[in-house]
Amino acid sequence: MGQDRPAVQATAGPARWVRAGPAGWVTAGVAGEHGGVLDNVVPYLTCAQCGAGLVRAGGSLRCRAGHVFDIARQGYVSLIPAGARVPGGDTAAMVAARADFLAAGHFASLAAELGLAAAGAAGTAGRGGRPDAGAGCVVDVGAGTGYYLAAVLDRLPDRVGLALDASRFSLRRAARAHPRIGAVRCDAWRRLPVADGAAVLALNVFAPRNGAELRRVLSPAGRLLVVTPMNDHLAELVGPLGLLTVDQHKPERLAATLGPHFELAARREHRGVLPLDRKAVAALAAMGPSSWHTDRPALAEAVARLAEPAPVTLAVTLSVYRPTPGL
Ligand SMILES: C[S@@+](CC[C@H](N)C(=O)[O-])C[C@H]1O[C@@H](n2cnc3c(N)ncnc32)[C@H](O)[C@@H]1O
Ligand SMILES: [Zn+2]
């Protein structure tokens, strides 16, 4: 990733990005200091309280009714209704493990394939949709560290991206993952703080799927890209490390959650065998849902007993959905 990424100009202190893009947008801000990169995505965001549009006012976003959302020092904004209980999402330890694992490039082939699929799907959406090529953002629901969204944006130089997640620790990373990402804390199971039809592409990679909301925020000509694990994903680690097994009925569940709102346009499998060292295996176990249930010393012992490198199966499906017409 990153070869065609815009120039990143480092100054003393936090990173500063300055770029005039093909669609005319300009970013001049400091990530972590009033969330400069959020400016790219503010036009697509809505108030968590009343649903109105938002504008930037210094270190906050505000709607016309006066609801105010402060931008965190780390560059993301929480768009959560007052008093709402929102899940914490991934913990600091899970996010650190995910960042380490992904930075080592073990899932780079998947990111590359997702980038290619996104470029193809955005082309389709552009032809059938708005005449202005740069209109419509890319929304990643459950974006984690922003790794896959960054890969997709590298392929789409005139788009900006919206990383949505419940985890503050994920969002701190996502806000810095790419100069065109704006990071927003929200709950995927509630109304998303995103305008109707704002997205030309939506991504959902190993993350919660709310079909109705994904459909609402996607433009009618937009596409939804979903990555889900297959039955044999990470199979070699399930027994030795006591990892949670993949639900045998996942494809049916996928169809059931998205079914009324989306229809399948294309699906392909992405497979490989990763030769993982013990450090990578430990990170893989620590970044996933099993980490909620596993005792750390027992996991370390189990990892130490594995052969090195351990061959581990990567087996996922990449599905492209279009909104069901007439709904
Ligand atoms: C398995 S991780 C996948 C992250 C990223 N897509 C990736 O593959 O690297 C699932 C992500 O969903 C987020 N998440 C879990 N529940 C959520 C919710 N209710 N609303 C928003 N995000 C949520 C977690 O914080 C986590 O970042
Ligand atoms: Zn409002």
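Trainee: Which residues are closest to ligand 1?

Mentor: A residue is near a molecule if its C-beta atom, placed from the backbone, lies within 6 Å of it. Here 21 residues surround ligand 1, and the closest are G89, G142, G144, S167 and A188. This is a predicted model, in which local features need pLDDT of at least 70, side-chain atom pairs count only at pLDDT 80 or more, and totals for chains, interfaces and linings use all residues. Residues are numbered from 1 along each chain as its sequence is written, while chains are lettered from A and ligands numbered from 1 in the order in which they are written.

Trainee: Which residues of helix α1 are buried?

Mentor: Buried means that 20 or more other C-beta atoms, placed from the backbone, lie within 10 Å of the residue's own. In α1 these are M94, V95, A97, R98, A99, F101 and L102. They pack against α3 (147-155), α4 (168-177) and α8 (278-287); helices are DSSP runs of H or I with at least four residues, numbered from the N terminus.

Trainee: How is the packing of two helices described?

Mentor: One gives the angle between their axes and the distance between the axes. The axes, lines fitted to C-alpha atoms over the stretch in contact, with angles from 0 to 180 degrees between N-to-C directions, come within 8 Å for α1 and α4 and cross at roughly 35°. A92, V95 and A99 of α1 meet F169, S170 and R173 of α4, where contact requires C-beta atoms, placed from the backbone, within 7 Å.

Methods: Buried ≥ 20, exposed ≤ 12 C-beta atoms within 10 Å, placed from the backbone. Helix = DSSP H or I, 4+ residues; strand = E, 2+ residues; numbered from the N terminus. Contact = placed C-beta atoms within 7 Å.
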